[in-house]
Amino acid sequence: MPVRALRSVNLSVEAGEFVAIMGPSGCGKSTLLNLVAGLDIPSDGELELAGVTLRGKSERELARLRRAHIGIVFQFFNLLEDMSALENVALAAAIAGASPRQAERRARDLLDLLGLADKGREAPGLLSGGQRQRLAIARALANEPTLVLADEPTGALDSEGGLEVLELFRRLHADGQTILMVTHDQRVADAASRIVLMRDGRLPYVDDDLSAAPFTGARRA
Amino acid sequence: MALAAGAHRTQTALHRYYVATHAADAYVDPGFGFGEESLNLGRIERLPQVAHWELTALLAALARGRSGQPLVPSSVAYLAPMDGRRKDSIDRPKLLRGRLPNPAVPDEALGDSKALQYAGVRVGDTLTLRLVSHDSLWHHADAIHFYADPATARWGPLVTVRVVGESANARADVDGGQFHLSPGFYRVYGGRVGLGSWVDELAVRLKHGPADVPAFAAGVSRIAGNLGYGFFDPSVARPTVQRSMTLQTRALELLAVLGGVAALLLFGQALFRQATLDSAGHGTLRSLGMTRGQLVALGAARALTMAAPAAGLTVLLAAVLSPLAPIGRARELEPHPGFSLDGVALAVGGAAVLLIVLAVGVLATWRVALAAPGEDRIRREAPGKVTSVTAALARAGCAPALVAGVRMAIQRGARAAAVPVRAALVASVLAVGVAVAALTFAASVQHLLQTPRLYGQTWDFEGGPSPSRLVDRLKADPAIGGLAVGAGWFNPPVHIDGREVGVRAVDQLKGSIDPAVIEGRAPRSPDEILLGTNTLGALGKHIGDRVTMTDGTHAVSLRIVGRGVIPSSKSLKLGEGAALSFQTLRRVQTEAQPDTVEVRLAPGVDRNRELARLDRLFEGSIAVRPQAVTDFGGVDQMPFYIAALVGTAAAAVLAHALLTSIRRRRRDLAVLKTLGFTPAQLSATVASQATTVAMVGLLAGLPLGLGVGRYAYNLFADNLGVVSDVVTPVGVIVLVVPAAIVVANLVAALPGWTAARTRPAPVLRAE
């Protein structure tokens, strides 16, 4: 039986914005992210990325759009375990079209930026959770994306690691990177410049009960 | 299993043929003579040991084959029942095609496969015979020569017979096929008075089979008294026929063993890995209270669910494939062709499959069960191992799909996502290695078959006993470059250091025709000798040692100067014998007479024309290809079957590795897609993986195969006793390179299509 994961989604993210979509588990946040990344195809509605509509695009065209415009950070990192940290980042740059030298240089720069300069030869399995997520972020930035998508980026980290990652996102945003993050955690969402609520596949979600409630003003107890 | 059962069927075919055809236990003939008192075969028929008898005349006749070549007695014999009875009690023909001749129709004949081959005729064709009458044979035996034109040589009636059937040939002779004429033929064309026969042969079946032969032979001797006669016990010659089938049996057995080992090596790893992964979660079961023993029992039960159907399918497949056996000559003789259920082979094979699969499953489970409580050996993630190969490829600017594919080909991956790459790489090396070895071996066997020099025939033509004027004529002939005369074909053996050894002893009359030398040199002086490989080994001697040659009366000491190949004859098997000068032989066999003429043509002459001329002069060559070499010609395709078997297994292992890789690495494929890989690039990744496996196979397998092929052939040649001349078919071997890559990519087609359809979202969400 088909499941309607999203209904009534209306969202636009401007260049340079850091938007957090907050909602409970199962509300459709990851599905929305996959649609934006072109990893899923909407059954109806319009989706535009960097001025290009995704509707009617083939898998090949979507892949090319992803290379050019999207960097993804996953909750569970999804790094390639058989490649070194440097190779993980360089691969993303190479797929985007960089020459081998450019790809390696970019990878080194990103690892340096994210405090992993000395971990280039290490396999991801030997890094801590926070380091792995930083490596994942470096990979997401390797193709100089228009938009970074982050799906519960602190979900698999301890509090210290999570804070590290959030601080990184703030820095990236301050440098002009457009970020769209999904989370169920208010504290994580607070790092963003704009929070949009999502619930039951609706975005933005407006609580009808709250909006219909009478205005009580201020009252003395 | 089918191969093992086929080997058994091939090995036993000859015995079952003799039983089914009621093979004769003995043959007696009064010999070839005219007007003299001869053995009374009627009295032989009445000996108490005789259960059944048949009397057959070996007729003298001239004929030409389809291409005009004379059919000499050594190639074709014409047998006619003398009593008008159909051949149905002794030596019953095993029909391959057509039917038996009708006794009421005198002009029908049945030919065995060799006779039809020599004559170049098939069932339905006719053959014209110039029969030699009794009088002509009696008065002109010496003058009758088989190159005479049957159309004009008026020695008897001209008869045309129709070939109505083809039968199997199980003769022990190296040469010779037979036409069995209709039972009515003898009577119609003159019988004993009208027809000349070389021999009247009595075939008998004895009441107690071969056990009665000694008593029967004694009875024949008693009846013959001082008269000469011929007595032939076929059981003496049967081992020669059996040997050719034994060779093919060994080849099938070798194929079965190789197939079994290849399957074990190639599939065993996959089975083991599968069983190990199936044991995932045993840590949980142990924490719930299951003991190690119970876990192993669980693994065994799981393995049994695989093993039982596997064994059943194997048995079924072997039964279905049974009509393919026996092979070679045995196939012609098989009395019950078609499906055959070899109970023993199938039972043993099925049990073996069951036990092996069970053992692999239990072993894998045992390993997992040995893990400490609480530790899940399967789930524990090992740190990833990084290789510099892929880094180097990336740095060199190789396409990302290529880099990813190479990585997947050579890296196993972490435990939970481990892929049997080692099995695929080993399979690839094996497949290429075996293919190259097979090609090298087969090419060398073909070269042996086509190069008589290698099996001792260092001349162009060999003739039988000849008048001295013919020899003198050849000496003066400028087309003849080498001429040697001596004893070899019919000469009795000598004793060398107490061992009976056949000899080839010739004197050089013109030029030099040396024996084929493997080690050392040919004899040059009267006290030197060259020995065959097996004879040298049997005597326990080496080059430089001395041996004593004797005939019981005279003895001479000779020095071994070489090891070589002595040309085969009826009494001399390949690898055996001694080569020396004819003058040296006469020091021991003082009455020895020359029976062999070796001729080498001068360079630049028209070879075909000169050989045809010599054929006419000598009425045919007596040289024959050694049976052992002919037998190997019957299995020269075997290396290809072995290569095909291993190649198919390797392709299966590669397919398994690729499909496993896609399944276990779906997360990696999903990640690559999120990074921007197109579906085509994912397919290309799998293709690169397969190509990498093929390339590793080629890099390691090519030199390995060349080395193994050469070694195997040298071993084979040494065993056979021929000169080893390894041929490396470079042109064909080069084709192995693109073939391996094409096959690998064909195998990768489906896995590549599957990979291209990877949907990242559900995969990454599930992970």
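This is a predicted model: local features need pLDDT of at least 70, side-chain atom pairs count only at pLDDT 80 or more; totals for chains, interfaces and linings use all residues.
**Chain B as a whole**

Chain B contains 26 helices and 22 strands. Its C-alpha trace spans about 105 × 55 × 50 Å along the principal axes. Of the 767 residues in chain B, buried residues make up 46%. Among contacts in chain B with a separation of 6 or more, 85% are between residues 24 or more positions apart.

The domain assignment divides chain B into domain 1 (1-18 + 243-380), domain 2 (26-232) and domain 3 (458-622). Between domain 2 of chain B and domain 3 of chain B, the C-alpha centres lie 33 Å apart.

**The sheet of chain A**

Chain A has an open sheet of five strands in the order S4-S5-S6-S1-S7, with parallel pairing. Strand S4 (70-73) and strand S7 (194-197) of chain A are at the edges; each has a single partner strand, so one side of each has no neighbour in the sheet. From one strand to the next, the twist averages 20°.

| Strand pair | Sense | Bridges | One bridge pair |
|---|---|---|---|
| S4(A) and S5(A) | parallel | four bridges | A:Ile70 and A:Leu147 |
| S1(A) and S6(A) | parallel | five bridges | A:Phe18 and A:Ile179 |
| S1(A) and S7(A) | parallel | four bridges | A:Ala20 and A:Ile195 |

In residue numbers, strand S5 of chain A covers residues 147-151, and strand S6 of chain A covers residues 178-183.

Strand S1 of chain A, residues 18-22, pairs with S6(A) and also with S7(A). S1(A) is mostly covered, and five of its five residues are buried. In a regular strand, side chains alternate between the two faces of the sheet. In S1(A), A:Phe18, A:Ala20 and A:Met22 point one way, while A:Val19 and A:Ile21 point the other way; all are buried.

**The contact between the chains**

The contact takes 32 residues from chain A and 30 residues from chain B. On the side of chain A that touches chain B, helix H1 (29-36), helix H2 (59-69) and helix H3 (85-95) of chain A each supply at least two residues. H3(A) gives the most to this side, with six residues. Sorted by class, the side of chain A that touches chain B has 18 nonpolar, six polar and eight charged residues.

**A helix with one buried face**

Helix H25 of chain B runs over residues 749-756, and its buried residues are B:Pro751, B:Gly752, B:Ala755 and B:Ala756. Seen down the axis of H25(B), these buried residues fall within an arc of 140°, so they line one face of the helix. An α-helix has 3.6 residues a turn, so residues three or four places apart point the same way. The cover over the buried residues of H25(B) includes helix H21 (638-664), helix H22 (666-675) and helix H23 (679-720) of chain B.

B:Tyr17 lies in helix H1 of chain B, residues 2-20. B:Tyr17 is buried because 20 other C-beta atoms lie within 10 Å, and the cut-off for a buried residue is 20 or more. Leaving aside neighbours within four places in sequence, B:Tyr17 is in contact with B:Lys94, B:Ala170, B:Leu333 and B:Pro335. One of these, B:Leu333, is 316 residues from B:Tyr17 in sequence and 5.9 Å from it in space, C-alpha to C-alpha.

B:Ser581 lies in the loop between strand S21 (578-580) and helix H18 (582-586) of chain B. B:Ser581 is buried, with 21 other C-beta atoms within 10 Å. Not counting residues up to four places away in sequence, B:Ser581 touches B:Ala505, B:Asp507, B:Pro523 and B:Pro526. B:Ser581 and B:Glu528 are 53 residues apart in sequence, and 8.4 Å apart in space from C-alpha to C-alpha.

Note on methods. Residues are numbered from 1 along each chain as its sequence is written. Chains are lettered from A and ligands numbered from 1 in the order in which they are written. Two residues are in contact if their C-beta atoms, placed from the backbone, lie within 7 Å. Ala, Val, Leu, Ile, Met, Phe, Trp, Tyr, Cys and Pro count as nonpolar, Asp, Glu, Lys and Arg as charged, and the others, Gly among them, as polar. A residue is buried if 20 or more other C-beta atoms lie within 10 Å of its own, exposed if 12 or fewer, and partly exposed in between; C-beta atoms are placed from the backbone. The arc is that of the directions from the helix axis to the C-beta atoms. Two strands pair if DSSP finds at least two bridges between them. Axes are lines fitted to C-alpha atoms, for helices over the stretch in contact, and angles run from 0 to 180 degrees between N-to-C directions. Domain bounds come from an automatic or database domain assignment.
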